[in-house]
Every structure is written in structure tokens, then in C-alpha cells.
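Q: Please take a close look at one part of this model. Then set that part against the rest of the chain.

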Amino acid sequence: MEVKGLIQGYKRFREYRLGDHEELFLDLARKGQSPKTLFIGCSDSRVVPNLITDAAPGDLFIFRDIGNFVPPFQPDDDYHAAAAAIEYAVSVLQVRDIIVCGHSHCGACESLYKELPEDESLIHTRRWLQLGQKAKEAALQKVGSGDRELLLRTTEKISVLFQLENLLTYPEVRRKVEAQELFLHGWYLKIESGQLLYFDESEGEFLPLEG
Ligand SMILES: [Zn+2]
């Protein structure tokens with residue numbers, strides 16, 4: 001959708017939808033936000049956190065990036081958007097839950113198996129995608145390369161687990177998880193059906209999320 005279409009959508013929002021939320025927006029402006037959940041998802045346009053969870057404004061603190069990757073704790077002089085969002089959610093907003101949500105047909109996971117141009121046009125992307133490297137290696141080891149679809153779906157799911165592992169490299173996240181003040185969840189959205197799966201630790205696999 002181009003900007004013209006978005007502006008038309010905004011008009012429809014003002015006319016038909018804003019009324020449903022008016023009180024809520026006023027209340028949130030007065031009291032500030034206090035979301036209980038940090039949702040880390042892929043920037044993919046098909047992943048719409050509020051839509052799939054039917055969450056209202058104020059419910060989710062959302063961070064989205066390519067591949068729903070979580071870089072490990074690595075404080076230095078660079079600018080770390082993901083780390084800052086995690087810190088703010090955990091230390092200031094004091095969220096109770098963090099969801100890392102992967103999804104099917106993820107372009108980031110697929111590009112782990114492609115050669116990207118070596119020029120400057122994707123210089124940051126090439127570096128960023130290294131955060132999926134462990135998932136690629138683990139998926140290849142688990143299912144081999146014979147069935148490409150299975151390999152990609154497996155990579156997407158395993159990647160969620162590695163990102164959860166990276167979350168635990170943040171000292172404050174680890175401390176709160178150990179104190180059972182913070183809970184981590186691995187989710188997986190099937191784009192084609194809108195179905196959500198969750199990682200069940202006791203089963204060691206992704207299972208349908210029952211409402
Ligand atoms: Zn994606």
C-alpha cells in the first residue's frame with residue numbers, strides 16, 4: 001500500500017475506529033503506558049503482533065527487526081536498538097513476559113542459504129544475518145538439505161530458541177528469569193493459517209497455542 005492509501009486508511013480510522021478507542025487513548029496519555037509484555041517479532045509486513053493477539057493500544061511493547069533476531073549482550077560504542085529496547089522493557093517498564101515470535105516463510109531465514117551481494121548496499125544486512133547462523137547450522141544438522149521447505153521451517157523455529165538463549169546473555173534478563181520475575185516464551189506464526197505455535201520445553205517442540 002502506498003502512502004496515498006495509508007492516508008485514506010487514516011481517514012477511515014478517524015471516522016469509524018477512533019471512537020472505539022477514544023477513552024483508552026485518553027487514559028493511556030494521562031497515566032502513561034504499562035505494558036506487561038515485550039513482543040520481539042520480525043519486521044516482515046505479514047507479522048502484525050496486535051492483530052494476531054487481538055491486543056489493544058498499551059498492551060504490547062513491540063520491537064521488530066529483520067528475522068526477529070536478538071543480538072547478544074555486547075555493550076560498546078555502537079548503537080544497539082534491540083538491546084536498548086530490551087533494557088527499557090525489562091528495567092523501566094518491568095515487563096513480566098518476553099515473547100520472541102518467529103514466523104513461516106521468513107525472508108531473513110531463507111537468505112541464510114543465499115549468497116548476498118558483497119557490495120555496500122547490504123553491508124549491515126550481511127552482518128545482521130550472522131545472528132541466524134547458529135540456527136542454520138543446527139537445522140542442517142537436524143533435517144539435512146534434501147527437503148528445502150522442511151529445512152527453512154526448521155531453521156525458523158530453531159532460530160527462535162537461539163534468540164531466547166541470546167536474551168539470557170543480558171544480565172538483568174537472566175537475573176529476573178532466575179528470580180521468576182520474568183518469563184520467556186518462544187512463539188512461531190504460520191503465516192498461511194494465522195496459527196500460533198509455542199515452544200513447549202517439556203516436549204522439546206513447537207505445539208499449537210491453545211486459547
Ligand atoms: Zn521474517
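A: The bend at a residue is the angle between two fitted axes, one through the seven residues ending there and one through the seven starting there. By that definition, helix 1 bends by about 70° at Leu 18. Helices (H or I, at least four residues) and strands (E, at least two) are DSSP runs, numbered from the N terminus.

The model is predicted: local features need pLDDT of at least 70, side-chain atom pairs count only at pLDDT 80 or more, and totals for chains, interfaces and linings use all residues. Residues are numbered from 1 along each chain as its sequence is written.

Helix 1 covers residues 3-31. The expected span is 1.5 Å times one less than the number of residues. Gly 32 follows helix 1, with a positive phi near 85°.

How many of the 29 residues of helix 1 are buried? The number is 0, so helix 1 lies largely in the open. Buried means 20 or more other C-beta atoms within 10 Å of the residue's own; exposed means 12 or fewer; partly exposed lies in between; C-beta atoms are placed from the backbone.

The domain assignment, automatic or from a database, gives domain 1 (1-32) and domain 2 (35-208). Their C-alpha centres lie 29 Å apart.

Now the contrasts. Helix 7 has 20 residues, 14 of them buried. In strand 3 (residues 97-103), 6 of the 7 residues are buried, so the rest of the structure largely encloses it.

Strand 3 runs parallel to strand 1 (residues 37-42), joined by 5 bridges. It also runs parallel to strand 4 (residues 183-190), joined by 7 bridges. Two strands pair if DSSP finds at least two bridges between them. Ile 99 of strand 3 is the bridge partner of Phe 39. In strand 4, the bridge partner of Ile 99 is His 185.

A nonpolar core is a set of buried Ala, Val, Leu, Ile, Met, Phe, Trp, Tyr and Cys residues joined through C-beta atoms within 7 Å. The largest has 35 residues; Ile 99 is among those that touch the most other members. Among the elements supplying at least two residues each to this core are strand 1, strand 3, strand 4 and helix 7.
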